[in-house]
Amino acid sequence: MKALMFPGQGAQRIGMGAGLFDKYPELVSTADSVLSYSVRELCLDGPMDRLTRTQFTQPALFVVNALSYLQHIETSGEPDYLLGHSVSEYVALFAAGVIDFETGVRLVHRRGTLMGQAQNGTMAAVLGLTSEQVDATIREHSLQDVYAANVNTPKQVVVSGATAAIQAAESVFLKAGASRYKVLAVSGAFHSPFMAEARDEFAGFAAKMTFNAPRIQVLSNVTARPHTTQDLRERMVEQIVAPVRWAESIRYLLAKGLAFADFIEIGPEGASVVRPMVKRTELEAGPLDPAVLAQEEEAMQAAAAATQQSAVAASNTRRKKFSADTLGSRAFCDAFGLRYAYVGGAMYRGIASTDLVIRLGRAGLLGFFGAAGLSVSETRHAVQQIKASLPEDAPFGVNFISHIHRPYLEDQLTDLLLEQGVRVVEASAFTEVTAALVRYRAKGLMQDGTRVRARNKVIAKVSRPDVAAQFLSAAPQRILDKLCASGAINADEAERLSRIPMADAICVESDSGGHTDQGMPFNLVPAILQERDQAQARFPDFGPIFVGAGGGIGSPEAAASVFVLGADFIVTGSVNQCTVEAGTSDMVKDILQSIDVQDTTYAPSGEMFELGSKVQVVKKGLFFPTRADKLVSLYRQHNSLDEISPQLKQQIQDKYFKRTFEQVFADVSATYPASETERAQLQPKHYMGLVFKRYFRDTSDWAMSGDARHKVDFQVHCGPAMGAFNRWVAQTGLASWRDRHVDEVALHLLEQTAALLDRRFTDMA
């Protein structure tokens with residue numbers, strides 16, 4: 001038998017990991033991405049005062065120890081037992097398959113940051129006394145704020161507590177028989193009640209991480225026994241405040257038959273920190289009593305059997321519990337190749353970024369790239385980047401937005417989608433089916449006996465039953481005739497299109513951020529489910545047609561409500577805009593993180609304010625909603641800029657645009673087709689409309705780039721779901737947007753929704 005051990009803080013040194021960083025570049029890149037600094041430079045070049053700071057030491061040791069483990073097993077194979085001292089218990093969990101490398105870096109990074117924030121505490125090594133003697137000394141002398149923290153060997157105990165108390169305790173322990181007392185150069189009172197605040201905050205962060213059952217037995221610092229799957233996460237949270245029972249862990253393995261030669265230390269090259277503790281433990285105390293271990297294991301087996309019997313009995317009388325896997329429609333997941341019935345909706349101009357889509361795709365979730373407002377070349381580059389970063393079968397899609405006045409943009413996007421082999425689109429802002437969307441749908445149709453299957457899938461995002469009905473019908477005959485006449489599709493494709501609906505799924509969009517009809521899911525979802533059922537009867541050979549829900553989903557309560565209404569899947573939007581991966585500025589994310597449910601409002605849509613279209617935006621601390629309303633009001637009241645009073649014109653130029661109308665129009669002329677600007681020169685109202693529309697474009701640009709000079713004019717599309725989300729995660733590891741990753745948000749929302757439904761249905765039973 002063999003046990004691998006990983007040393008904790010104290011093993012760090014300049015130059016550690018040399019040779020490993022080049023050997024495992026992808027993992028190093030992953031660590032750098034999580035940490036936002038180069039772990040290679042930190043380990044190889046220091047400086048030492050930075051490397052010894054807890055928030056840097058812990059992730060650096062995790063990376064080096066984990067890579068050292070991977071190198072070790074290439075030639076030596078896996079061990080029978082794993083154990084890591086303090087922070088390096090996470091390396092043992094990685095080696096046992098409990099967590100993946102990236103999750104380990106995230107956990108240790110957060111743990112180190114929280115523990116590094118602790119102040120007014122320190123630790124000291126007490127040599128020559130047993131842990132029982134140390135505890136007795138603390139009790140007998142009523143030592144306040146002093147706790148046994150690490151039992152490294154039977155006669156080497158580290159105490160932890162308030163700095164003044166630890167320094168004052170030296171004489172007490174020396175009089176009690178300690179051969180040596182040394183205050184350590186650490187920044188906090190680790191593994192003591194002084195870490196309670198760090199533990200509580202870390203618990204929320206760890207709650208959103210996935211822990212698998214260990215493939216190899218990992219000894220817990222807290223219990224000095226192998227971790228159990230059901231208690232693993234709880235023990236790793238408790239580890240921050242609980243003593244490290246290292247000597248007892250070694251004695252446990254000695255009792256299992258391991259000898260000193262069977263213990264191998266894996267860590268920074270040249271370091272020998274925990275292996276000498278094995279020899280001292282063997283000499284000072286020897287193995288645990290095998291009879292005591294046998295009694296423990298017998299009791300554990302009996303308890304496990306009783307638990308299993310109780311679970312079986314309960315399963316016979318109780319309903320099946322909800323889980324993230326059981327929410328929504330499994331058929332929807334199968335149809336789109338997903339792990340969960342969860343979709344990250346598109347946010348325009350790449351706010352739903354390549355990073356966001358890739359992160360969701362790697363987690364088995366569907367994300368739509370926000371192509372609206374981007375050029376064809378920008379979208380092509382993004383699609384190529386997504387495809388290059390994801391496995392071939394990983395899900396992803398692209399937003400296909402309606403362009404009522406510029407249909408040529410839809411045609412250009414369709415050409416790109418077909419060229420790049422994009423198999424799923426989110427059709428949004430459509431009031432009717434268009435020729436470009438029909439052409440996309442037509443390509444790749446397959447005949448399977450009497451059935452027609454569509455390789456190019458469409459999820460239509462709609463907020464009205466009449467629009468849903470169009471997507472739940474076959475392509476309009478007039479469009480098929482037109483496309484056939486032009487040669488865009490052939491007769492076989494037209495015939496097959498007549499036998500399937502235009503969409504595979506409908507997303508019922510309620511009152512969302514951005515463009516909104518301000519609908520309510522409680523009315524819309526049942527109505528569109530009825531439309532779906534009728535379509536299903538019309539197309540019995542097509543297969544299931546799905547209905548999902550989006551808009552306003554920022555909490556487990558909101559998600560649970562639409563699942564209960566009958567949604568096959570959910571679509572999130574606003575909450576994803578406030579994650580690390582979102583393609584907007586840090587300033588916008590800071591704003592979003594601060595808002596509450598009442599901090600959004602409705603403003604005119606920059607593209608379609610002539611039609612009365614509205615968008616939902618953030619109002620807290622921003623002038624954009626008021627100024628946008630003012631511009632649209634002036635547009636409706638006047639036929640030209642010249643009709644506006646000189647004083648008001650000057651105010652708008654100075655305050656809104658910070659440049660003249662003539663300069664604004666010059667910018668417009670550089671981006672709009674010549675026909676538009678020529679028309680504007682002839683029609684003063686159209687000229688005014690194009691100038692005012694530039695404000696809407698500028699406000700989005702300023703927000704996305706984080707231009708502090710124009711912060712009050714930021715246009716930030718967002719619904720009240722963001723405020724609900726902020727409230728929900730306020731006291732957890734997701735409170736800061738810098739800790740929010742889009743896939744982790746998704747999984748946490750699904751898990752907590754399942755838990756909520758389970759509680760609610762249990763209460764109602």
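How many positive and how many negative side chains does the protein chain have, and how far apart do the centres of the two sets lie? There are 77 positive and 85 negative side chains, with centres 1 Å apart. In this count Lys and Arg are positive and Asp and Glu negative, while His and the chain ends are not counted; each charge is placed at NZ of Lys, CZ of Arg, CG of Asp or CD of Glu.

This is a predicted model, in which local features need pLDDT of at least 70 and side-chain atom pairs count only at pLDDT 80 or more, whereas totals for chains, interfaces and linings use all residues. Residues are numbered from 1 along each chain as its sequence is written, and side-chain values use heavy atoms, leaving out hydrogens and water.

**Figure 1. The protein chain as a whole.** Let's start with the overall picture. The C-alpha atoms fill a box of roughly 100 × 70 × 55 Å along the principal axes. The secondary structure comes to 33 helices and 21 strands (DSSP runs numbered from the N terminus: H or I of at least four residues for helices, E of at least two for strands). Of the 765 residues, 53% count as buried, where buried means under 20% relative accessible area, exposed over 50%, and partly exposed in between, with a 1.4 Å probe and protein chains only. Among contacts (heavy atoms within 4.5 Å) between residues at least 6 apart in sequence, 73% join residues at least 24 apart. The accessible surface is about 31900 Å², and 50% of that belongs to carbon and sulfur atoms; the areas come from the Shrake-Rupley method with a 1.4 Å probe, and for residues only the protein chains shown count as cover.

**Figure 2. Two nonpolar cores.** A nonpolar core here is a set of buried Ala, Val, Leu, Ile, Met, Phe, Trp, Tyr and Cys residues joined through side-chain atoms within 4.5 Å. The largest has 82 residues, and V438, F471, I506 and I570 have the most contacts inside it. Helix α33 (residues 742-764) gives this core its largest share, 8 residues. Zoom in on I506 and you will find that its contacts include A460, V462, F471, I528, F546 and F569, leaving aside residues up to four places away in sequence. A second, separate core of 64 residues includes V34, A198, A206 and I266.

**Figure 3. Helix α14 and its buried face.** Which residues of α14 (residues 275-284) are buried? They are M277, V278 and T281. Seen down the helix axis, these buried residues fall within an arc of 105°, so they line one face of α14; the arc is that of the directions from the axis to the C-beta atoms. Their packing partners are β1 (3-6), β4 (146-153), β5 (156-162), α13 (246-255) and β8 (263-265). After α14 comes G286, with a positive phi near 75°.

**Figure 4. E89, a buried acidic residue.** E89 belongs to helix α6 (residues 89-95). Its relative accessible area is 0%, so E89 counts as buried. Not counting residues up to four places away in sequence, E89 touches G84, L219, S220, N221, H227, M236 and Q239. For a sense of scale, E419 is 330 residues away along the chain, and the two C-alpha atoms are separated by 49 Å.

Figure 5. Look for M209 in the loop between α11 (196-206) and β7 (217-218). M209 is buried, at 3% relative accessibility. Its contacts beyond four places in sequence are T103, R106, L107, R233 and E744. H748 is 539 residues from M209 in sequence, yet their C-alpha atoms are 8.2 Å apart.

Figure 6. In α32 (residues 721-728), the buried residues are A721, M722, G723, F725 and N726, and they pack against α26 (586-594) and α33. D707 sits in the loop between α31 (684-705) and α32. With a relative accessible area of 15%, D707 is buried, and it touches W702 and F714 when residues up to four places away are left out.

**Figure 7. Backbone details in three loops.** Between α3 (39-45) and α4 (48-51) lies P47, and the peptide bond from G46 to P47 is cis, with omega near 5°. S36, in the loop between α2 (25-35) and α3, is not a glycine but has a positive phi near 65°; S36 is exposed at 65% relative accessible area. N120, between α7 (101-116) and β3 (121-127), is another non-glycine with positive phi, about 60°, and at 63% relative accessibility N120 counts as exposed.
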